[in-house]
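Colleague: Could you take me through this model before I set up my calculations? I would like to begin with the overall picture and then turn to particular residues.

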Amino acid sequence: MSSKLIAPSVLAADFANLQRDVEMINKSEADWFHIDIMDGVFVPNISFGMPVLRDIAKHASKTIDVHLMIVDPDRYIKTFADLGSNILTVHYEACTHLHRTLQAIKAEGMKAGVALNPHTNISLLEDVITEIDLVCIMSVNPGFGGQSFIENTYNKVVQLKELITRKKATTLIEIDGGVTSKNAKQLADAGADVLVAGSFVFKSEDQIQTIKELKAVANS
Ligand code: DX5
Ligand code: ZN
C-alpha cells in the first residue's frame, strides 16, 4: 500500500514567525505544505494572499498544495503558477466550467485539484474524475481552522474511492478539516491518501513529533 501523506496547513502557523514555522515543516516528516487562500466572498473569512505565498515558497522545500477558497479562480491560475504552486485546488462550487478550469491549471504545469464542500455529492465528479489529480474532501465547512470533523466524511471517502477505481483514475484523495490522530487511521483505511492538519499540528507542544505521530497513525 502506498504511504499516506501529511500536509500541515499553514493557516494555523504563527504569522509573526512564519519562516520558523516553514523551516519546522521542512525539517519534519510532513510531505506537503497546505496553503489556504480565502477571499472573504466564497468563504466568510480572509486569510492571506500572493505576497505571503511568494515568501513561503521561497523557503519551502516540499510540494506546495494551494487550496483556493475564492470565487472565479480562473482569473488567478497563472499567478498561482508563477508564485510556485505545485498543486492548485479550486472549489467545485466556485467553477461554472470546471473541465475548462482543470485544463487551464494543467496547462500552467500544475496538478489540478477539486475541493468539495460537505454538502456536495461525490457523484457530481463522475464525468470529470479522470481529469482530476486530487480531490479535496472538506471535512468541515471551509473558512476557518480549528472546527470539528464532520463524521459523514468517511462515507464520502469510500464513495470517492469507488468512483476512482471504477473509472480507472489515478486521483489522490485529500481530507481537509478537523484531522487529528483520532480520525487519521479510519480516514486512511477508508481510502484517503493525504491528510491536511492545521490546529492539531500547530497547537501542539512538539510540532515535529506531532507530525511524525500523525504520519505513523495514518500508515499503521
Ligand atoms: C479550512 C481550511 C483548512 C484548515 C484546516 O477552510 O481549508 O485547510 O486550515 O485546519 P484544521 O486542521 O485546524 O481544521
Ligand atoms: Zn484547506
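**Overall fold and selected sites**

Modeller: Of the 220 residues of the chain, 45% count as buried; a residue is buried if 20 or more other C-beta atoms, placed from the backbone, lie within 10 Å of its own, exposed if 12 or fewer, and partly exposed in between. This is a predicted model, in which local features need pLDDT of at least 70 and side-chain atom pairs count only at pLDDT 80 or more, while totals for chains, interfaces and linings use all residues. Residues are numbered from 1 along each chain as its sequence is written, and chains are lettered from A and ligands numbered from 1 in the order in which they are written.

Colleague: How many helices and strands are there in the chain?

Modeller: The chain has 8 helices and 8 strands, taken as DSSP runs numbered from the N terminus (H or I of at least four residues for helices, E of at least two for strands). Its radius of gyration is 16 Å, close to the 17 Å that the globule rule gives for 220 residues, so the chain is as compact as a globular protein of that length. The radius is taken over C-alpha atoms, and the rule is 2.2 Å times the number of residues to the power 0.38.

Colleague: Which residues does the "active site" annotation cover?

Modeller: According to the unreviewed UniProt entry, Asp36 and Asp176. They span 141 residues in sequence, yet no two of their C-alpha atoms are more than 10.5 Å apart, so they gather at one spot. Such annotations may be inferred rather than shown by experiment.

Colleague: Is Asp36 buried or exposed?

Modeller: Asp36 is buried, because 24 other C-beta atoms lie within 10 Å. Asp36 belongs to strand S2. Beyond its neighbours within four places in sequence, Asp36 is in contact (C-beta atoms within 7 Å) with Ser9, Leu11, Ser47, His67 and Met69.

Colleague: And what does Asp176 touch?

Modeller: Leaving out residues up to four places away in sequence, Asp176 touches His67, Cys136, Met138, Ser139 and Val196. Asp176 lies in strand S7, residues 172–176, and is buried, with 26 other C-beta atoms within 10 Å.

Colleague: Changing topic, how many residues surround ligand 1?

Modeller: There are 22, the closest being Ser9, Pro142, Gly145, Gly198 and Ser199; a residue counts if its C-beta atom lies within 6 Å of the ligand. Strand S2 (32–38), strand S8 (194–197) and helix H7 (199–202) each supply at least two residues of this shell.

Conventions: Contact = placed C-beta atoms within 7 Å.
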